[in-house]
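Please keep the sequence and the structure in view while reading.

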Amino acid sequence: MAPVPISTINVGHIDDVQELRRTKPKTVPQRFVRDMTERPTLQTSLSPLNSDMPVIDFSKLSKGSKEELLNELCKLSVACQEWGFFQVINHEVEINLMENIEDVSKEFFMLPLEEKQKYPMAPGTVQGYGQAFVFSEDQKLDWCNMFALGIEPHYVRDPSLWPKKPAKLSETIELYSRKINKLCQNLLKYIALGLNLEEDVFEEMFGESVQAIRMNYYPTCSRPDLVLGLSPHSDGSALTVLQQAKGSPVGLQILKDNIWVPVQPISNALVINIGDTIEVLTNGKYKSVEHRAVAHEEKDRLSIVTFYAPSYEVELGPMQEFVDENHPCKYRRYNHGEYSKHYVTNKLQGKRTLDFAKMENMNNTTN
């Protein structure tokens with residue numbers, strides 16, 4: 001989360017989409033208009049796969065009988081292997097804390113533009129307010145405003161980017177992030193058990209884990225069929241946790257069997273997805289999944305996303321348990337900090353960033 005800003009690139013003029021919506025509600029500037037092949041098919045909301053996304057009851061993992069635990073571990077394993085996404089209920093993150101993080105996030109995005117611009121996201125970084133992953137003046141832009149902060153370890157934080165308004169924003173982020181951190185640690189234990197590994201294997205391997213939070217605000221758009229809220233990508237994390245604000249329209253879509261499937265969050269559930277790190281460690285047994293966000297014509301959408309990843313210092317590669325003559329090694333060993341730098345200094349483009357770790361690219365440069 002703490003790469004050095006890239007000062008040598010020209011990202012051109014980037015319109016703030018909330019200001020666009022306020023001042024020119026019917027205008028969609030050309031930089032936001034996607035090529036025909038990238039435009040969303042909004043009727044995918046009718047996809048029959050939508051209701052099939054696995055739902056994991058965390059209470060059965062943490063407090064259930066032995067039979068409930070084994071059944072839920074089996075469901076979790078299938079979810080990771082076949083979907084790479086699942087929703088988790090009874091996750092022990094208090095509902096009032098979830099409501100509070102939604103409230104302060106929305107308050108922040110409702111501040112005047114000049115106030116939000118006191119915390120700018122510099123090119124090549126992913127902390128602050130603005131648009132991330134923009135590296136040229138002709139790159140297509142997402143119909144989204146972002147605000148992101150590094151949380152753990154403390155050295156990744158940039159104190160100048162922590163807002164003074166709303167008054168309770170920083171305090172709420174701290175409380176919320178601690179709860180999500182604990183959830184991620186526990187989920188990784190159960191994912192390990194589902195893989196027939198020691199439950200603490202990921203915690204021991206990851207060292208001092210890296211955690212970041214990002215709030216995404218998608219204002220209404222007069223032509224949602226022309227734009228994307230967020231470009232297709234997989235996450236560089238181990239796990240990603242998404243909370244969609246109550247009252248928000250369906251916006252998240254995942255690529256399942258080459259079909260964009262909309263995700264309808266269950267009330268008070270959290271949406272979890274497998275990141276590139278777990279794909280590498282399991283040698284592709286569990287895969288990170290491409291996903292995107294679409295805009296809506298009538299309703300704004302707010303999501304709060306947490307990224308949980310290994311220490312920047314650790315070396316990663318496929319675990320020996322997942323490599324044999326029938327499952328040759330697909331990924332090389334690499335430093336996670338180098339991968340993170342590669343991820344945040346390239347535009348979002350499907351699963352392209354994972355090429356960094358593939359065996360066939362070992363002899364290629366990674367910059």
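Which residues in α3 meet which residues in α6? L69, L73, L76, S77 and C80 in α3 are in contact with Y190, I191, L193 and G194 in α6, where contact means heavy atoms within 4.5 Å. The model is predicted: local features need pLDDT of at least 70, side-chain atom pairs count only at pLDDT 80 or more, and totals for chains, interfaces and linings use all residues. Residues are numbered from 1 along each chain as its sequence is written, and side-chain values use heavy atoms, with hydrogens and water left out.

The two helices pack at an angle of about 90 degrees, with their axes 9 Å apart. Therefore α3 is roughly perpendicular to α6, a term for angles of 65 to 115 degrees.

| Helix | Residues |
|---|---|
| α3 | 66–82 |
| α6 | 169–194 |
| α9 | 336–344 |

The 26 residues of α6 should span 38 Å at 1.5 Å a residue, and the end C-alpha atoms of α6 are 37 Å apart, which agrees; the expected span is 1.5 Å times one less than the number of residues. After α6 comes N196, whose phi is positive, near 60 degrees.

H336 lies in helix α9. Because its relative accessibility is 1%, H336 counts as buried, that is, under 20% relative accessible area with a 1.4 Å probe and protein chains only. Leaving aside neighbours within four places in sequence, H336 is in contact with residues including G236, T277 and Y312.

Notes: Axes fitted to C-alpha atoms, helices over the stretch in contact; angles between N-to-C directions. Helix = DSSP H or I, 4+ residues; strand = E, 2+ residues; numbered from the N terminus. Parallel < 35°, antiparallel > 145°, perpendicular 65-115°, else oblique. Buried < 20%, exposed > 50% of the residue type's maximum accessible area, 1.4 Å probe, protein only.
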